[in-house]
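Hi,

Here's the structure I promised to pass on. Have a look, and then see my notes below.

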Amino acid sequence: MCGIVGYIGGKSATEILIEGLHRLEYRGYDSAGIAVRNGDGINLRKRAGRVGELVKLLDEQPVGGQLGIGHTRWATHGETTDTNSHPHIGGNGEVVLVHNGVIENYTSLRESLQVRGYVFNTTTDSEVIAHLIAHSLEERVRMGEDPHDRTTIRNALEVALKQLKGTYGLAILFRDHPDLLVAARAGSPLVVGVGQGEYYLASDSSPLVGHTDEVVYLDDHEWAFLSPEGMEIIHRDAGQRSPSIQTLDQVAGNIDLGEYESYMLKEIFEQPQSLENCLRGRIDDDAASAKFGGLNVDLHALRQIDRIVLTACGTSWHAALVGEYLIEEFARIPVEVEYASEFRYRNPPMTDQTMTFAITQSGETADTLAALRESRRKGHATLAICNVVGSTIAREADGGIYLHAGPEIGVASTKAFTSQVTALILLALYLGRMRHLSYPAGQRLISQLRNLPKLAEQTLKCNDQVEEIADRYFDRTNFLYLGRQYNFPVALEGALKLKEISYIHAEGYPAAEMKHGPIALVDEATPSVFVIPRGSIYPKVMSNLEEVKARKGPVIAVACEGDKEISAAADEVIFVPDVEDYMQPIVTSIPLQLLAYHIAILRGCNVDRPRNLAKSVTVE
């Protein structure tokens, strides 16, 4: 949540900051602001609303300089106002900073600072950090330290930041250090971009694309001191560290809209390519299995695994539910799916042969990261299925599987979901071939997997039809989504997509559970979306559909091509390719993504930046 960008070098900081904030706006768009250093001191410009509102302010009140920090906010503490927008000032202007994260003990710190005479102008937790660092600086100076000495800054940060409970990613400017940009991290991601005589700072790599391809990912409790003299990395406890410079594998075209009107639509239509990227190099024809380069787990240890825990949040949790069906069917290993936010606070019984998989698009989800750390702390092998190279979860996991889906900018996840399901099919095949799955069965599964990109491309041809259906139902206030077996998680995901971007209430259920309560919601105004491709329980789901029709509920069905029976029963039918049941979640989820998209557009919603949401949930 929230986006941070910073720059120090020889270029216009304002231009770089605004460009970066536009790219980071998917992380938060309640307000935006910048602080730029020049001969007049540190100048602040901030405004509630989206980055465009800040741009208008800068047109009226321009500010120039070659050092600055910027922030786009997703509110956690305090209303969305100009005053609560970042950056925040500490003391009498000694410190200016922007903050991602949540400070849990801000109330007690605020009261303590107020007793000392500090005046608070905002209702945010972030202003507490600014005043706390300023107070720590004043104490160091009172003890005889030189305010212009960088060692004084380090000492002040050490004292101040140790008092914080919670998470933070900070970009800080100091009044008495006109050529210094400081970054500090504890639980909220930061990445430094290394240029020629310049440095960039951001909460993820997207603002750095096109400026530099060399980056340093900060670890927790690391501070980066960036100046014209160079970069210095200090760990709060371990002291100075050598920067680990990595190559940023991303191109500007991947984060541009191109011919599309929104990132969400672009990413929906990128799925044939993202699926192909996920599969590339991972099919082992000789062994009729999958192969992975980064699991980093001994084969003997893998064969001893007697239980797998899949932990995730949101859309990734729905993918994990599909993974439960897959792994149990093909590998015969018991699987439990846990909400990461609950798993981190539970103490479930786990044997030495339990393996944990953390599933995440961003690799920065706070709850998923905490669940991974808790699992590792207890000595369990902990792997990740992740889309972002260099993310915290990718770096802290024992090993894992990269999705290679490319940047996903739209807040509502689409291509990451289908890539996660694909990675889980590969994982189920890999584990299955190590155990009970026969060679011919592995070959059949591989032949299906090879067709996935083409099947996704074929499925996307339903777009025009889905748009027409959306036009007939966009004004409804409630939807039901129903599916069974592999398509129950698809029903949950379809309902989530509609809620996220169109603000329509929607619920997903196993179709057979409908008559245990949810059928009470059925009426002429409530559409039921049935995910009903062919399979062993097709007749059972059809019976559930008829129960809805008997109560005059409109039915939208997602079904296999050539299904004449469903055409006679449902009001609307979206046909998808006829595939094996374990691959159905990929082809059935795409029409539901499109349905949510077109309904949201017809309702005038911003599909890329839905209200109250942010892409990376980096706070608890």
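This is a predicted model: local features need pLDDT of at least 70, side-chain atom pairs count only at pLDDT 80 or more; totals for chains, interfaces and linings use all residues.

K291 counts as partly exposed because its relative accessibility is 40%; the cut-offs are under 20% for buried and over 50% for exposed, with partly exposed in between (1.4 Å probe, protein chains only). K291 sits in the loop between β17 (289–290) and α8 (299–304). Helices here are DSSP runs of H or I with at least four residues, strands are runs of E with at least two, and both are numbered from the N terminus. Leaving aside neighbours within four places in sequence, K291 is in contact (heavy atoms within 4.5 Å) with G281, R282, I283 and D284. From K291 to L302 it's 14 Å, C-alpha to C-alpha, and 11 residues in sequence.

Numbering starts from 1 along each chain as its sequence is written, and side-chain values use heavy atoms, leaving out hydrogens and water.

Now the sheet. It's open, with 8 strands paired antiparallel in the order β3-β2-β4-β1-β10-β9-β11-β15; pairing takes at least two DSSP bridges between two strands. β3 (41–48) and β15 (246–247) are at the edges with a single partner strand each, so one side of each has no neighbour in the sheet. Antiparallel strands β9 (residues 191–194) and β11 (residues 214–217) are joined by 3 bridges, and V191 has Y217 as its bridge partner in β11.

Helix α2 (residues 51–60) packs on the sheet, touching β2, β3 and β4, at about 130° to β3 (angles run from 0 to 180 degrees between N-to-C directions, with axes fitted to C-alpha atoms, for helices over the stretch in contact).

Cheers
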